[in-house]
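Dear colleague,

Please find below the structure that I am handing over to you. My notes on it follow directly after.

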Amino acid sequence: MIAIHHLTMRLAGGRHHITILDDVTIEIPEKQRVAVVGPSGSGKSTLLGLIAGLDQPTSGSIKLDGVEITTMPESALARYRREKIGYIFQSFHLIPTLTALENVSVPLELAGAANASDRATDLLKAVGLNDRLDHYPVQLSGGEQQRVAVARAFACRPPILLADEPTGNLDSVTGRQVIDLLLSLHRDHGTTLVLVTHDQELASQMERIVSLRDGRIEADERRG
Amino acid sequence: MAWRETRAAWRHFIYFLTCIALGVGAVVGIGLFAANVERAVTREARGLLGGDLEVRVSHRLSDSGQAVLQSLADRGIVISHASELVAMTAAIDDRQAGSNRVTQLVELKAVESNYPLYGTVHVEPSQPLTDLLMPSTNLCRLPSNSHALHPSPITLHAPCYGAVVQKSLLIRMGLSVGNRLKIGQATFLITGIIRKEPDRMANMFSLGPRVLISQQGLTATGLIKPESRVRERHLLKVPSSVELQPLLYEVRGRLAAESARVSSYREAQPQLKQFLDQLARYLGLIGLTALFVGGIGVSMSVQAFLREKLSSIAILKTFGAESHTIVFTYLGQGIGLGLIGSLAGVAVGVGLQWVLPTALAGLLDSNLLEQVEFSSSLSRASVLPILKGIGVGLFTTLLFTLWPLLSIRHVRPAQIFRRDIATGGEDTVGPLRGRWGTLRRWRSLEDRTRLMTATVIATGLVSLSIWQAGSWRIGLLFLGALAVAVLLLLIVAHALIKVIRLVSLPRAVSVRHAISNLQRPGSQTTGVIVAIGIGVMVIVAVGVLERSLIRQIGENRPTDAPTFFFIDIQPDQASGFSRLIHQQTGDLSPELTPLVRSRLHAINGQPVKVEEDSDKDHEKKDEKRKTWYFTREYVLTFGKQLPQNNIVTKGAWWKPGQTFSKPLVSVEEEAAKNLGLDIGSTVELEIQGATVTAEVSSIRKVDWGNFSTNFYMILSPGSLDGAPFTYVATVRVAPEQEVPLQQVVVAMFPNVTAINIGDVLDSFARILDRLSLAIRAVALFCVLAGGLVMAAALAATRYRRLYESVILKALGATRGLIARSFAAEFALMGAVAGLIGIVLASTLSWAVLHYIFDLPWSLQPKVLATGLALTIILTLIVGFLSTFRILGQRPLAVLRHE
């Protein structure tokens with residue numbers, strides 16, 4: 001269960017503060033599929049990043065299974081990201097100087113997994129990239145890069161997958177493949193899935209759609 | 001456009017500027033120092049020689065020689081006679097018994113009342129020198145009460161002699177002005193302190209403090225005996241109506257029989273000038289090395305800058321800009337920056353030349369820089385070194401920016417725009433890959449423009465080096481050595497990194513990440529290793545050389561090496577001296593060796609011509625060496641026994657009881673080779689006007705490092721009968737006996753000079769120490785440049801590191817892990833650079849020791865280990881300073897800007 005209470009994020013911008021998130025309260029139960037939608041600048045990505053502990057909120061609390069993460073020290077936060085969170089970026093953010101295999105191995109190595117390379121190979125095979133193991137990101141297409149990113153995010157079998165516009169940089173066919181991949185992971189492993197998207201069709205496949213506008217929750221629609 | 005670009009890329013430009021400024025600073029600093037030395041020495045040339053002409057002999061001039069000088073004086077030429085010798089002084093303290101007096105070896109100089117002919121002697125108190133050297137008799141009289149208690153050796157009727165001394169003498173002997181000294185048979189009142197002596201020969205090496213007395217005083221000491229070691233200098237001040245050069249030849253001809261060395265102030269190259277010239281030249285090459293190392297940093301900064309500008313370049317090309325327009329735009333910008341960097345370097349150089357003389361000051365016992373009124377102020381003479389520095393800086397900029405800039409021509413716009421997905425992938429663009437180690441570079445040589453550029457760059461480097469070295473040979477040698485070093489560094493760095501990856505599969509993620517970081521494309525690792533490795537090589541080589549030389553003179557001293565050399569023992573003192581040594585040390589038969597001083601007169605009947613100005617045109621070392629063998633003074637001995645550590649390599653030593661129908665001579669190997677002597681050759685030696693002809697009967701190998709008396713020529717017993725000679729004795733005593741023995745000998749034999757080997761070696765070690773300090777000060781610039789190149793390389797990859805570190809954090813890496821990974825990477829880089837650097841330093845020091853000093857090389861594990869450790873510390877510090885801010889960045893803030 002992810003429990004977010006009164007979460008506020010302000011950034012200093014010139015003389016004024018820019019409020020990105022304004023008193024957001026939301027609870028996401030385990031294994032739920034959630035879409036976060038809203039116009040650009042509504043605070044979707046920031047919300048996702050704060051859940052992943054990639055930044056510190058100005059105020060408010062985020063608890064995972066009752067444990068507060070906003071006040072965690074650096075090392076505990078790193079362990080939290082390693083063990084609980086898989087994160088997929090819109091621009092993939094693969095390490096350009098590592099091969100596909102090495103990119104997927106990184107989280108496994110960080111977690112101290114024994115056979116990181118073998119497991120990474122399996123994961124890449126599972127996303128259909130068994131002939132791309134030694135390719136560098138620049139040698140892969142956008143869809144292939146995003147599949148590597150998905151494999152990397154899921155490498156340590158985290159209970160929570162956070163995806164920030166995972167199809168935003170992909171054409172519709174490739175995007176479809178990536179979505180299917182995410183949904184199958186959710187289905188097969190019972191992973192909580194929170195994804196930020198502009199894509200109404202994608203959002204409609206989620207159990208719940210949270211709409212943000214100007215940093216506030218405008219609507220919280222539960223489906224099926 | 002250029003200005004807009006400049007504003008944006010300030011980070012790379014700072015490194016660009018600093019790299020140039022540092023190198024130019026080193027070159028300008030040394031150039032200014034050399035120019036100031038040149039100026040001071042030229043201005044003071046007459047003062048340094050002591051006159052327009054100097055006639056120097058190692059004995060008193062004969063009557064006919066005196067007549068020659070008299071005839072010159074009749075023509076209006078002013079002549080001043082100065083005698084220089086080493087002697088012993090004893091403090092006169094009336095409360096102590098005679099043999100317990102403090103004694104000290106000094107460099108004695110006796111002058112006439114018209115001394116100095118040029119320049120001024122600065123003394124304290126500031127009174128005329130004559131008054132101080134020949135004070136009024138009243139001054140010599142002791143206070144009446146003291147006189148009553150302790151009868152003074154100076155009576156009211158005796159003439160009164162004064163001595164002006166260097167302050168160090170007073171400190172060492174615990175005396176002050178007004179005290180008295182005994183030198184030989186005479187007593188001197190210390191009347192003042194010498195601050196500056198214009199013509200003190202520019203020896204770095206002095207045996208003791210200066211004591212200045214009058215010629216009358218010297219006569220009273222009774223030290224001048226026929227075979228005493230003395231340098232008699234007759235200084236001539238020539239009226240402007242007399243032409244100097246013809247006079248020089250005339251005097252040379254007329255005094256040929258006296259074996260006199262005659263030189264004019266123009267040709268007399270004071271050792272000081274020669275030494276400092278050479279020092280400046282070699283320091284200049286080290287400075288140039290720093291500049292070249294900095295050039296690598298410039299090249300890296302330009303590449304990093306271009307990588308960031310790829311999109312702009314692609315856009316410009318899309319809109320029809322031609323490659324050469326873009327290349328010239330950036331080249332102009334580069335030269336502008338080079339100019340600013342060079343100007344900053346001039347400021348650094350001006351600073352350095354203030355520091356350099358201070359570092360060197362202690363080097364010269366007689367404070368030579370002060371003596372020539374050396375000043376670090378800027379003058380007209382400074383213009384050339386400054387312009388030269390700016391020129392060298394601009395040229396280096398051009399050389400190191402042009403090559404990377406040419407890559408612009410290969411940028412294809414489409415390629416860049418396709419790249420935009422993989423942001424942060426600075427390394428992904430082929431033509432701009434790391435400069436070092438891509439095959440592509442060699443392939444690109446096929447390109448004619450590149451080929452031409454490469455030629456221009458190579459020619460430029462060669463010309464710069466030759467210019468700085470001041471000689472073709474040294475310049476090319478320097479560049480060749482540098483090229484070999486760079487090449488070795490490149491090859492070994494590549495190989496080592498490969499090996500590290502192949503061999504080690506460390507479990508720690510941080511270390512594994514560090515190792516892969518080292519060999520990523522675009523990580524500039526090899527460039528950094530070359531830059532740091534060269535700095536390490538230079539500075540460690542200086543350290544190893546210093547240690548080796550000190551070890552050679554100090555630690556390798558054989559345990560049976562003598563403590564003292566006692567020189568100038570007169571024949572009639574020999575038995576008394578032996579008895580004294582026996583009483584004092586228990587040594588039954590101290591070794592007394594007779595010495596006869598001579599010059600070569602003829603070889604195989606062919607007279608030896610002494611070409612005084614021969615050292616002018618002889619660039620070649622061998623030639624110089626050969627000349628030296630012909631013109632030097634030979635100290636001869638004669639005896640039955642073959643000296644210890646001497647091995648006869650040709651012919652045979654005389655047998656016991658052998659009778660000699662003619663004088664025979666045994667010649668040292670090297671001397672025989674240079675003089676062209678073999679068994680059966682004849683050598684004609686001139687000893688104070690008389691000649692002795694001897695036949696070479698054997699050739700010996702001599703171990704010159706054995707701290708004993710060694711001779712080039714040893715004559716058969718009886719061959720030098722009748723020639724004036726003195727004895728030299730070597731005596732070995734326990735350290736606690738040194739001072740008492742010296743005191744007793746001086747008290748009993750005031751004319752005998754005691755030279756303490758330990759003191760001599762100590763002062764030699766001190767000189768080496770100062771010298772190496774000065775060289776290291778400049779070598780430090782190379783190391784700094786290496787560090788700077790590393791910082792520039794890290795700045796070039798800063799964005800990539802930042803990006804990777806936040807992704808790693810997002811994936812669950814801690815700040816500590818990333819820091820450890822960086823640290824491991826920098827330490828590895830330092831270790832590889834340091835390792836190759838110290839190996840190269842050992843090789844370089846071996847070459848210098850073997851080819852220049854002719855000394856054996858020995859491993860210096862301490863110096864090498866220190867060098868390696870300091871290199872790793874350096875890379876860690878530079879790495880930490882360049883990256884610590886990356887560690888604190890929050891992932892989301894960085895990734896949001898993506």
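The crossing of helices α26(B) and α28(B) is right-handed in this predicted model. Helix α26 covers residues 798–810 of chain B and helix α28 covers residues 861–887 of chain B. Their axes come within 9 Å and cross at roughly 40°; α26(B) and α28(B) are therefore oblique to each other. On the side of α26(B), the residues that take part are B:Arg801, B:Leu802 and B:Ser805, which meet B:Thr883, B:Ile886 and B:Leu887 in α28(B).

I turn next to the nonpolar cores. The largest nonpolar core has 207 residues, and the members that touch the most others are B:Cys782, B:Ala785 and B:Val789. Helix α11 of chain B, residues 271–318, supplies the largest share of this core, with 21 residues. Leaving aside residues up to four places away in sequence, B:Cys782 touches B:Ile286, B:Thr289, B:Ala290, B:Val293, B:Ile534, B:Gly535, B:Val538 and B:Ile539. Another core, of 94 residues, lies apart from the largest one; among its members are B:Leu236, B:Ala260, B:Val596 and B:Leu600.

Finally, the two chains: 24 residues of chain A are in contact with 24 residues of chain B. On the side of chain A that touches chain B, the elements giving two or more residues are α2 (74–84) and α3 (100–110) of chain A. Of these, α2(A) gives the most, with six residues. The residues on this side of chain A divide into twelve nonpolar, six polar and six charged.

With kind regards

Conventions. Residues numbered from 1 in each chain as written. Chains lettered and ligands numbered in written order. Predicted model: local features only at pLDDT ≥ 70, side-chain atom pairs only at ≥ 80, totals over all residues. Core = buried A, V, L, I, M, F, W, Y, C linked by C-beta atoms within 7 Å. Buried ≥ 20, exposed ≤ 12 C-beta atoms within 10 Å, placed from the backbone. Helix = DSSP H or I, 4+ residues; strand = E, 2+ residues; numbered from the N terminus. Contact = placed C-beta atoms within 7 Å. Axes fitted to C-alpha atoms, helices over the stretch in contact; angles between N-to-C directions. Parallel < 35°, antiparallel > 145°, perpendicular 65-115°, else oblique. Left-handed = near helix turned anticlockwise from the far one by under 90°. Nonpolar A, V, L, I, M, F, W, Y, C, P; charged D, E, K, R; others polar.
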